[in-house]
Each structure stands twice: as C-alpha cells, then as structure tokens.
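Subject: Structure handover

Hello,

Here is the structure I promised. My notes follow below it.

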Amino acid sequence: MDNKQNVSYQAGQATGQTKEKAGGMMDKAKDAAGSAQESLQQTGQQVKEKAQGAADVVKDKTGMNKNN
C-alpha cells in the first residue's frame, strides 16, 4: 500500500468512526429528550391535579361546590 492509499484508508476509517460516534450521540440525545418529555408530562399532570384540588377546596370553603 503506497502512502496515498494509506492516507485515503485512514481518512475513510476516521470518517466511519466519526459517523458511528455521531449516531451514538444522536441516540443518547433522543433518549434524553424522551425522558425529559415524559418527566414534563408527569409534572404537568401533578400540577393539574394540585390545581384541581385547590379549586375544590375553594369551592368547599365558599359553598360553591355543587356536590354537597
């Protein structure tokens, strides 16, 4: 293998490794984004439930709760 072929081979190797690393990083980023989205959805649900609970307390205290 002459020098030109060797340089070409090494460049191909570097390109392949870079693509592989980039693919792995993209997978990790997708996983992190999915986890963040799930966490935000859970937090949003908790906030919604607490707000509903607070509204029910206000209704009970002011006599506006029609369930009683």
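Accessible areas here come from the Shrake-Rupley method with a 1.4 Å probe, and for residues only the protein chains shown count as cover. On that basis the accessible surface of the protein chain is about 6,200 Å². Carbon and sulfur atoms hold 54% of that surface.

Two notes on the source. This is a predicted model, where local features need pLDDT of at least 70, side-chain atom pairs count only at pLDDT 80 or more, and totals for chains, interfaces and linings use all residues. Residues are numbered from 1 along each chain as its sequence is written, and side-chain values use heavy atoms, with hydrogens and water left out.

Overall form

The protein chain has one helix and zero strands. (Helices are DSSP runs of H or I with at least four residues, strands are runs of E with at least two, and both are numbered from the N terminus.) The radius of gyration is 28 Å, well over the 11 Å that the globule rule gives for 68 residues, so the chain is more spread out than a compact globule. (That radius is taken over C-alpha atoms; the rule is 2.2 Å times the number of residues to the power 0.38.) Along the principal axes, the C-alpha atoms fill a box of roughly 90 × 15 × 10 Å.

Of the 68 residues, 1% count as buried. (Buried means under 20% relative accessible area, exposed over 50%, partly exposed in between, with a 1.4 Å probe and protein chains only.)

Charge: 10 side chains are positive and 8 negative. The centres of the two sets lie 5 Å apart. (Lys and Arg count as positive, Asp and Glu as negative; His and the chain ends are not counted. Each charge is placed at NZ of Lys, CZ of Arg, CG of Asp or CD of Glu.)

Helix 1

Helix 1 covers residues 3–62. Its 60 residues should span 88 Å at 1.5 Å a residue, and the end C-alpha atoms are 87 Å apart, which agrees. (The expected span is 1.5 Å times one less than the number of residues.)

What caps the N-terminal end of helix 1? Asp2 does: a side-chain oxygen lies 3.3 Å from the backbone nitrogen of Lys4. (A polar contact is a pair of N or O atoms within 3.5 Å; within protein, one must be able to donate a hydrogen and the other to accept it, and residues adjacent in sequence count only if both atoms are side-chain atoms.)

At the other end, Thr62 is in helix 1 and is partly exposed, at 48% relative accessibility. A polar atom of the Thr62 side chain lies 2.8 Å from the backbone oxygen of Val58. Gly63 follows helix 1, with a positive phi near 75°.

Along the helix

- Lys28 lies in helix 1 and is exposed at 64%. Its C-alpha is 21 Å from that of Gln42, 14 residues away along the chain.
- Gly34, also in helix 1, is partly exposed at 34%. Gly34 and Gly63 are 29 residues apart, with C-alpha atoms separated by 43 Å.
- Lys59 is in helix 1 and partly exposed at 34%. Lys59 and Gly24 are 35 residues apart in sequence and 53 Å apart, C-alpha to C-alpha.

Best wishes
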